Amino acid sequence: MFDTDEIVQLITETGARRKHPDFSVLVEDVDLSVLRGLYEDLVVVRRIDAEATALQRQGELGLWAPLLGQEAAQVGSARALDVDDFVFASYREHGVAYCREVDPTHMLRFWRGSTHSGWNPFEYKMTTPAIIVGSQALHATGYAMGMQFDGADGASITYFGDGATSQGDISEAFGFAASFSAPVVFFCQNNQWAISEPVSLQSPVSIAARGRGFGVPAVRVDGNDVLAVLAVTRAALKRAREGSGPTLIEAVTYRMGPHTTSDDPTRYRPAALDEEWKAKDPLDRLRALLESAGAIDDDYLAAVEQRADDTAAALRRGCLETVEPPPMSMFDNVYAEAHPLVEEERRQFASYLTALEGTH
């Protein structure tokens, strides 16, 4: 199942459902009603991303990392998780956060600079954005090993891009996970570009092959096929929970927008490549399947669009109504208990603010 570089696909680019000898059985329960729910997820997540991008362009966010084109990879994998599984994210998993029921407004706090975090990771079993590339893979592996030592159920899953696989942290995580049979799923969204470098420049072999080199079984999946992603993630999580160790999933997808809102992909990416991948759009693919099955109509589509618009309106309202924290709050929650160095810094900064007020 994990020995080849075959790219698993259960929904073709034209929206036809296809059989796979190993993975179709894992999504036999996914009927048209479930697929309708997945389509709604994809539409809402894309709308959240578009609204946040607009807010950044309007000066309301300092930065944003768009996920345009990667919705199926995130929704499909997130919908495979159980409540006790813990997500260790990078900085682009807004779709996963939505599926973990994080308030979309809370996703913006970090990017607005109004908080150190954004939400309580233990409430949603998902960490907040990790800017240090690749670090979250080690965190996920350590957490999985802790669950293993404690005899706890569940697994951890960590998300990263193809560029992160060139970081030492990823290699170290693979090594530890393989050696200790840690119940962790490594989910790589291979969106073809590490900022401005194509994946072909980073590795002469597939990302999946890199994992196998460390003894981590790996599978490649069509990352724009939400059903296939759901199936392979279920398989990987099953391996983790039954004590069979880690799995690497390479979701082959495409970043249709910039790396972040400070990036201009037209400077390094050919327009013809963008057009090629637009034909593989994850939303269009699932919609085509539903249309061919007679499972959607105008009322359903209107309701989905209304849900997306309402979510976007709440996101914008929540962003603009954010109450920025007072300067002194930066010293709160640094340590669980009072720390003399932090207290000294607090006094110095309070003195500075008092002096600053005196100049006005």
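Predicted model: local features only at pLDDT ≥ 70, side-chain atom pairs only at ≥ 80, totals over all residues.
Which residue forms a salt bridge with R255? Residues are numbered from 1 along each chain as its sequence is written, and side-chain values use heavy atoms, with hydrogens and water left out.

**View 1. The salt bridge of R255 with D263.** The partner of R255 is D263, with the closest N and O atoms 3.8 Å apart. A salt bridge here denotes a side-chain nitrogen of Lys or Arg within 4 Å of a carboxyl oxygen of Asp or Glu. R255 is buried at 1% relative accessible area, and D263 is also classed as buried, at 16%. (Buried means under 20% relative accessible area, exposed over 50%, and partly exposed in between, for a 1.4 Å probe and protein chains only.)

**View 2. The salt bridge between R307 and E40.** The closest N and O atoms of this pair lie 2.5 Å apart. Because R307 belongs to helix α13 (residues 298-320) and E40 to helix α1 (residues 32-57), the contact ties together parts 267 residues apart in sequence. Helices are DSSP runs (H or I, at least four residues), numbered from the N terminus. R307 is partly exposed at 39% relative accessibility, as is E40 at 21%.

**View 3. The salt bridge between K280 and E276.** Their side chains meet at 4.0 Å, N to O. K280 is partly exposed, at 22%; E276 is likewise partly exposed, at 43%.

**View 4. A network of salt bridges.** R47, E51, D309 and R316 are linked in this network. The model's count comes to 25 salt bridges.

Key. Helix = DSSP H or I, 4+ residues; strand = E, 2+ residues; numbered from the N terminus.
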